[in-house]
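Thanks for asking me to look this over. Here are my notes, point by point, to read alongside the model.

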Amino acid sequence: MTGVWGRNKAADLSPAGRPPSVEEADGEAAANRRHRIVIVGGGFGGLSAAKALRHEPVDVTLIDRHNYHLFQPLLYQVATGGLSPGDVASPLRWILRRQANTQVLLGEVIDLDVNSREVILMDRRIRYDTLILAAGAGNSYFGHAAWRALAPGLKDLEDAGEVRNRIFCAFEAAEKEVDENARREWLSFVVVGAGPTGVELAGALAEIARDTLRGHFRTIEPGEASIQLVDLAPAVLPAFPRDLSGKAEAALVELGVRSRLGVAVKAIDERGVVVRSSLGDVRIPARTVLWAAGIEASPLGRLLEQRAGAELARGGRVVVAPDCSLPGRREIFVIGDMAACRDAGGNQLPGLAPVAMQQGHHVGRLIAGRLRGEAGGPFRYVDKGTLATIGRNRAVAVLGKLRLSGFAAWITWLFVHLLYLVGFQNRVLVLIQWGFHYVTYNRKARLIVAAGSTAAAKQRLQECCGAVDQAADSGPARARSTTSG
Ligand SMILES: Cc1cc2nc3c(=O)[nH]c(=O)nc-3n(C[C@H](O)[C@H](O)[C@H](O)COP(=O)(O)OP(=O)(O)OC[C@H]3O[C@@H](n4cnc5c(N)ncnc54)[C@H](O)[C@@H]3O)c2cc1C
């Protein structure tokens with residue numbers, strides 16, 4: 001996950017020297033105010049909670065460190081040049097423009113004061129009567145922090161830009177490379193993690209190599225690229241039923257993706273990955289390694305552990321009561337990827353958009369009910385199905401008792417994703433783009449753009465594409481961009 005995480009700075013905010021809260025700054029008379037609900041995070045959970053409160057006599061403040069809501073399920077399309085960032089993200093202020101009781105604030109929450117009931121940003125404190133934490137999750141490298149720079153994950157738009165740069169730069173570097181072995185390394189890709197995101201990425205990579213870039217280069221044949229999917233699990237899409245998981249693997253084989261399953265990643269460096277299998281350690285040479293192996297809840301969960309004694313489950317998720325409130329703190333709710341919430345059968349709910357959305361709706365309605373004196377009940381998840389796409393025409397889907405694969409599943413996947421994409425304009429644009437690259441195999445957003453990249457990412461661009469000049473680090477204005485293919 002990117003973004004400044006200024007936890008230490010938060011600790012410096014003493015009560016005496018602290019920035020003013022919104023109320024202090026505005027001089028609002030506390031006696032006349034309405035119930036104040038602060039929502040941290042404008043993702044699937046937070047946005048859904050805000051919307052559930054739209055007709056209530058409350059004041060909602062939605063805080064996000066980005067000014068947009070991101071539709072993460074289509075992020076891999078941005079990372080592989082199929083869609084542009086604006087197709088999968090909408091400004092929060094625009095989404096909530098007609099919701100008069102809600103104010104959107106751009107800012108990063110860096111600390112919480114649960115006794116004075118305030119969330120703390122860099123420049124102010126904001127008081128709440130009820131707090132909804134919906135700050136999502138980031139990539140987890142299982143304790144190997146150094147792997148983050150070597151194998152970018154896919155969690156936000158910055159990540160998608162970084163992954164896209166790496167993919168298309170690798171083909172550019174291969175085109176220029178004269179040494180055969182080095183060229184093969186540039187044309188080798190490893191995706192770590194065979195869950196839905198890894199499978200989507202590997203499938204899209206194979207399509208780029210086989211179809212999109214066919215005939216665009218003079219010294220390399222992109223279709224000869226090696227794409228390997230590695231995972232400790234014994235099957236791809238391990239959360240799916242066995243038959244669908246097998247079909248997904250067969251579809252990957254058809255696309256030319258090699259799956260290495262049941263192997264643990266032991267090391268990652270600039271030139272590849274070392275995996276440990278029953279046969280011993282094996283090195284897979286590859287200049288592009290992408291990470292889709294694990295997530296960990298927002299660090300706000302750990303803060304809640306320190307500040308309010310919250311219990312944390314695996315992946316740093318906050319253990320919540322059946323109604324999604326924090327045990328012992330009924331004015332705090334934790335939802336979505338941050339929460340460890342169990343269904344009626346005692347199973348922890350997965351980190352999926354529908355879970356976050358339904359929890360957001362539930363919590364919004366529960367708070368409104370409480371203000372009317374109602375008790376409120378537990379959260380019940382309605383599982384409408386799970387889908388994963390493997391590439392053009394290929395997907396798997398479990399919809400209740402119905403199991404689909406191939407084209408039928410892919411069409412279902414496509415329409416479900418369009419349906420949930422925020423904003424009519426986005427839906428139309430994405431449908432047009434998909435129609436376009438369905439017919440032409442083209443991915444027109446395959447731009448290599450250095451502006452906004454980290455210094456390390458720019459250095460890599462420099463190395464493989466020569467796309468950034470020496471002074472690029474001094475500012476985005478000096479960075480050049482190129483179009484690949
Ligand atoms: C690549 C990818 C593909 C996925 N595909 C699917 C799929 O196909 N189907 C599916 O159901 N699910 C999918 N998911 C999972 C799904 O996106 C998540 O389960 C869902 O986004 C969780 O919603 P949330 O509200 O908890 O968090 P998010 O939607 O992640 O929202 C969290 C928000 O909090 C903000 N934030 C974080 N920290 C702070 C802070 N300190 N201060 C202020 N703001 C903060 C972030 O900017 C963000 O807007 C995918 C996830 C990824 C990464």
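1. Arginine 117 sits in the loop between E6 and strand E7 (118-121). This is a predicted model, and in it arginine 117 has a positive phi of about 55 degrees although it is not a glycine.

2. You will find cysteine 324 in the loop between E19 and strand E20 (325-326). Is cysteine 324 buried or exposed? With 25 C-beta neighbours inside 10 Å, cysteine 324 is buried, because the cut-off for that is 20 or more.

3. Next, helix H12 (residues 300-308), where Leu300, Gly301, Leu303 and Leu304 are buried. Looking down the axis of H12, the buried residues fall within an arc of 155 degrees, so they line one face of the helix. Their packing partners are strands E1 (35-40), E6 (109-113), E9 (130-133), E18 (295-297) and E19 (318-319). After H12 comes glycine 309, with a positive phi near 70 degrees.

4. Finally, the helix pair: H10 (residues 196-212) packs with H11 (residues 242-255) at an angle of about 25 degrees, the axes being 9 Å apart. That angle makes H10 roughly parallel to H11, and their crossing is left-handed. H10 contributes Val199, Ala202, Gly203, Ala206 and Glu207 to the contact, while H11 contributes Ala248, Leu252 and Leu255. By class, this contact of H10 with H11 has six nonpolar, one polar and one charged residues.

Note on methods:
Residues numbered from 1 in each chain as written. Predicted model: local features only at pLDDT ≥ 70, side-chain atom pairs only at ≥ 80, totals over all residues. Buried ≥ 20, exposed ≤ 12 C-beta atoms within 10 Å, placed from the backbone. Helix = DSSP H or I, 4+ residues; strand = E, 2+ residues; numbered from the N terminus. Arc of directions from axis to C-beta. Contact = placed C-beta atoms within 7 Å. Axes fitted to C-alpha atoms, helices over the stretch in contact; angles between N-to-C directions. Parallel < 35°, antiparallel > 145°, perpendicular 65-115°, else oblique. Left-handed = near helix turned anticlockwise from the far one by under 90°. Nonpolar A, V, L, I, M, F, W, Y, C, P; charged D, E, K, R; others polar.
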